[in-house]
Amino acid sequence: MNPTRRFGPLDREVVALGQGTWQMGRDRGAAAALRRGLELGMTHIDTAELYTGSEELIAPVIAGQRERVFLVSKVLPQNASRKGTVAACEQSLRRLRTERIDVYLLHWRGSHPLAETVAGFEQLEREGKIGAWGVSNFDVDDLEELATLAKPGRPVCNQVLYHLEERGIEHAVLPWCESRRVALVGYSPFGSGRFPSPRSPGGKLLGEIAAAHGVTPRQVALAFLVRRPALFAIPKAGKPEHVAENASIPALTPAELEKLDAAFPLGRQPRSLPTL
Ligand code: NAP
């Protein structure tokens, strides 16, 4: 199953498991993987102007089924002045061959004042070029500052690093988002290719729980990472067989969640937000 849930304050149900597209490549295999994911219901697709070739790869895949897709892209911080944000979005729209991005994010905080970026986002919303806006890699102090500038209900999400061996956001960022109805989208859910070894204690536990549900350790990891209603995950898979695996997760029992919590401890609160 791939449960759906409200995406932050938006009046839209979005699947908990979407598809990342960083370093997807441009070959047919990558397009086939994305298409397979869509067929299997992974309709949340994450891209960015930073991900060279990704928006162009997505365009033909979503053509003819745009309304099913929850499309997210991002502006680079160096482009995030008011005018630059609008221009970057328009270029993304051209590459994606679509008229609207569902949620447009600031990729991470840079030197442009946040008020400028927010003004750009608000213009894009008024013009119907984006449905809503959010942020990525924002720590609580950045979120607090943003909240003083943004209208109610914005940002709709914060996209941050989150996997079994990096749970730092659970200390403060996740509670902040949960208390304000901001969606928390976890990126690099498989540690960007560094998944726990099956020989490690955590890896063994993943294997045991997976066997009990007739699924794989990665499916168990994804189920843990979206265990709360504010959480979403966007695994990237360039291979159709990988995407098929990632499209479905088991319902973990409270006892299994507790064991995973102990095997992959939260650790101390990091001084700054963990990023890739
Ligand atoms: P990830 O999803 O943690 O891991 C991707 C790696 O896992 C790829 O090597 C992939 O291989 C492999 N994989 C996926 N499914 C698998 C499976 N079922 N079995 C075995 N291997 C599997 O890494 P990520 O790409 O860093 O993060 C995911 C997405 O988050 C990105 O694509 C991007 O959209 C987003 N992101 C956002 C930020 C940000 O700053 N906002 C930063 C990083 C990432 P194959 O490709 O060969 O299938």
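Student: Which residues are closest to the ligand?
Tutor: This is a predicted model. In it, 28 residues surround the ligand, and the closest are Asp46, Phe190, Ser192, Lys236 and His242.

Student: What does Asp46 do at that distance, in numbers?
Tutor: An N or O atom in the Asp46 side chain is 2.6 Å from an oxygen atom of the ligand.

Student: And Phe190, backbone or side chain?
Tutor: Backbone. A polar backbone atom of Phe190 is 2.7 Å from a ligand oxygen atom. Lys239 has a polar side-chain atom 2.8 Å from an oxygen atom of the ligand.

Student: How much of the ligand's accessible area does the protein cover?
Tutor: The protein covers 88% of the 910 Å² that the ligand has on its own. The ligand sits in the largest pocket.

Student: What classes of residue make up the shell?
Tutor: The shell has 13 polar, 9 nonpolar and 6 charged residues.

Student: Which element gives the largest share of it?
Tutor: Helix H9, residues 240–246, with 3 residues of the shell.

Student: Switching to charged pairs. How many salt bridges are there?
Tutor: The count comes to 18 salt bridges. One of them joins the side chains of Asp102 and Arg12, at 3.2 Å from N to O.

Student: Where do Asp102 and Arg12 lie?
Tutor: Asp102 is in strand E6 (residues 101–106), and Arg12 is in the loop between strand E1 (4–6) and strand E2 (13–15), so the pair ties together parts that are 90 residues apart in sequence.

Student: Why can such side chains pair at all?
Tutor: Side chains of opposite charge can pair when their charged atoms come close.

Definitions and conventions. Residues are numbered from 1 along each chain as its sequence is written. This is a predicted model: local features need pLDDT of at least 70, side-chain atom pairs count only at pLDDT 80 or more; totals for chains, interfaces and linings use all residues. Side-chain values use heavy atoms; hydrogens and water are left out. A residue is near a molecule or strand if one of its heavy atoms lies within 4 Å of it. A polar contact is a pair of N or O atoms within 3.5 Å; within protein, one must be able to donate a hydrogen and the other to accept it, and residues adjacent in sequence count only if both atoms are side-chain atoms. Accessible areas come from the Shrake-Rupley method with a 1.4 Å probe; for residues, only the protein chains shown count as cover. On a 1 Å grid over the protein atoms alone, a cavity is a set of points where a 1.4 Å probe fits but cannot get out, and a pocket is an open set with protein on both sides within 12 Å along at least five of seven lines; lining residues have an atom within 4 Å of a point. A molecule sits in a cavity or pocket if more than half of its atoms lie within 2 Å of its grid points. Helices (H or I, at least four residues) and strands (E, at least two) are DSSP runs, numbered from the N terminus. Ala, Val, Leu, Ile, Met, Phe, Trp, Tyr, Cys and Pro count as nonpolar, Asp, Glu, Lys and Arg as charged, and the others, Gly among them, as polar. A salt bridge is a side-chain nitrogen of Lys or Arg within 4 Å of a carboxyl oxygen of Asp or Glu.
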